[in-house]
Amino acid sequence: MRIKICGITQPDQGRAIANLGATALGFILVPSSPRYVKIQQINAITAAIPDKIDLIGVFADEQPEIIQQITIKTPLTSVQLHGRESPEYCQKLRQLLPDREIIKALRIKDRESWEKSAIYFNSVDTLLLDAYHPQLLGGTGHTLDWQALASFSPPLPWFLAGGLNPDNISEALTRLHPQGIDVSSGVERSPGDKDLKKVALLLERLQKFRDQ
Ligand SMILES: O=C(O)c1ccccc1NCC(=O)[C@H](O)[C@H](O)COP(=O)(O)O
């Protein structure tokens, strides 16, 4: 199972979280976010991190050429699209970045919104289901309706996100079987400041699901 800890802002925390066993670190490149990091910060954080970890840049409605430039200047392995990007936009980005994983995040309001995920099946590598919030794009701490999602079974890998934390992760993964999970505010002291004890507890509780 892929384990993404998102909203990393500090080199020592990034390194510690990689050493604890996360398989992916997420970097927020959305300027309005309290977890926003610049290119120089991403490079400082990733300098001392093992090669095998995925480094995911999170964007929202950014110009494809700007994303391309950022991937040239950083070691990002994946690009997560967290805004209102269309399938056509995703295809264009895929042409610009043939070697990077493209992840489309969908903010789920109701059953109709996850049924619409089908329009992305041919345009991206991976889906990520996050909670809908009227003001915030991500990092909301709100959970999805896991019961309603029980029949969600897309033909491509997907991450479960939205309000996951050490206390609810076991219940979430007993109900749902995503290929990855994505956690941010549930392992933080404040936005962008990760609580390493909570990250360690999360990873300990994930141990029994890791081979899924
Ligand atoms: O985290 C942010 O501040 C953010 C801002 C703008 C767009 C996306 C953002 N986060 C995306 C993520 O991948 C988060 O990990 C995801 O929303 C889950 O967050 P949480 O509910 O706090 O675990």
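Biologist: Is threonine 174 buried or exposed?

Modeller: This is a predicted model. Threonine 174 sits in helix H6, residues 169-175. Exposed means over 50% relative accessible area. Threonine 174 has 56% relative accessibility, so the residue counts as exposed.

Biologist: Which backbone oxygen does the side chain of threonine 174 reach?

Modeller: Threonine 174 belongs to helix H6. Its side chain comes to 2.6 Å from a backbone oxygen, that of serine 170.

Biologist: How far apart in space are threonine 174 and phenylalanine 209?

Modeller: In sequence, 35 residues separate threonine 174 and phenylalanine 209. In space, C-alpha to C-alpha, the separation is 9.0 Å.

Biologist: How much of the accessible area of the ligand does the protein cover?

Modeller: Take the polar atoms around the ligand. A side-chain atom of serine 33 is 2.7 Å from a ligand oxygen, and one of aspartate 130 is 2.5 Å from a ligand oxygen. A polar backbone atom of glycine 141 lies 3.0 Å from an oxygen of the ligand. On its own the ligand has 520 Å² of accessible area, and the protein covers 99%.

Biologist: Is glutamine 80 buried or exposed?

Modeller: Glutamine 80 lies in strand E4, residues 78-81. Beyond four places in sequence, glutamine 80 touches Lys4, Ile56, Gly57, Val58, Phe59, Ile103, Ala105 and Leu128. Buried means under 20% relative accessible area. At 1%, glutamine 80 is therefore buried.

Biologist: Which side chain makes a polar contact of 2.7 Å with the side chain of glutamine 80?

Modeller: Glutamine 80 is in strand E4. The residues it touches include Ile56, Leu128 and Lys4. The 2.7 Å polar contact between side chains joins glutamine 80 to lysine 4.

Biologist: What is the distance of the polar contact between the side chains of aspartate 182 and lysine 4?

Modeller: Aspartate 182 lies in strand E8. With 8% relative accessibility, aspartate 182 counts as buried. Among the residues it touches are Lys4, Cys6, Leu128 and Phe159. The side chains of aspartate 182 and lysine 4 make a polar contact at 3.2 Å.

Biologist: Why do the buried residues of helix H3 lie on the same side?

Modeller: Helix H3 spans residues 64-73, and its buried residues are Pro64, Ile67, Ile70 and Thr71. They lie on the same side of H3 because they cover an arc around the axis of only 120°.

Biologist: What covers the buried residues of H3?

Modeller: The residues in question are Pro64, Ile67, Ile70 and Thr71. Their cover includes helix H2 (39-46), strand E3 (54-59), E4 and helix H4 (87-96).

Biologist: Which backbone oxygen does the side chain of arginine 94 reach at 3.3 Å?

Modeller: Arginine 94 lies in helix H4 and, at 28% relative accessibility, counts as partly exposed. Beyond four places in sequence, arginine 94 contacts Ile102, Asn122, Ser123, Val124 and Asp125. Its side chain reaches the backbone oxygen of asparagine 122 at 3.2 Å. At 3.3 Å, the side chain of arginine 94 reaches the backbone oxygen of valine 124.

How values were computed
Residues are numbered from 1 along each chain as its sequence is written. This is a predicted model: local features need pLDDT of at least 70, side-chain atom pairs count only at pLDDT 80 or more; totals for chains, interfaces and linings use all residues. Side-chain values use heavy atoms; hydrogens and water are left out. A polar contact is a pair of N or O atoms within 3.5 Å; within protein, one must be able to donate a hydrogen and the other to accept it, and residues adjacent in sequence count only if both atoms are side-chain atoms. Accessible areas come from the Shrake-Rupley method with a 1.4 Å probe; for residues, only the protein chains shown count as cover. Helices (H or I, at least four residues) and strands (E, at least two) are DSSP runs, numbered from the N terminus. Buried means under 20% relative accessible area, exposed over 50%, partly exposed in between (1.4 Å probe, protein chains only). Contact means heavy atoms within 4.5 Å. The arc is that of the directions from the helix axis to the C-beta atoms.
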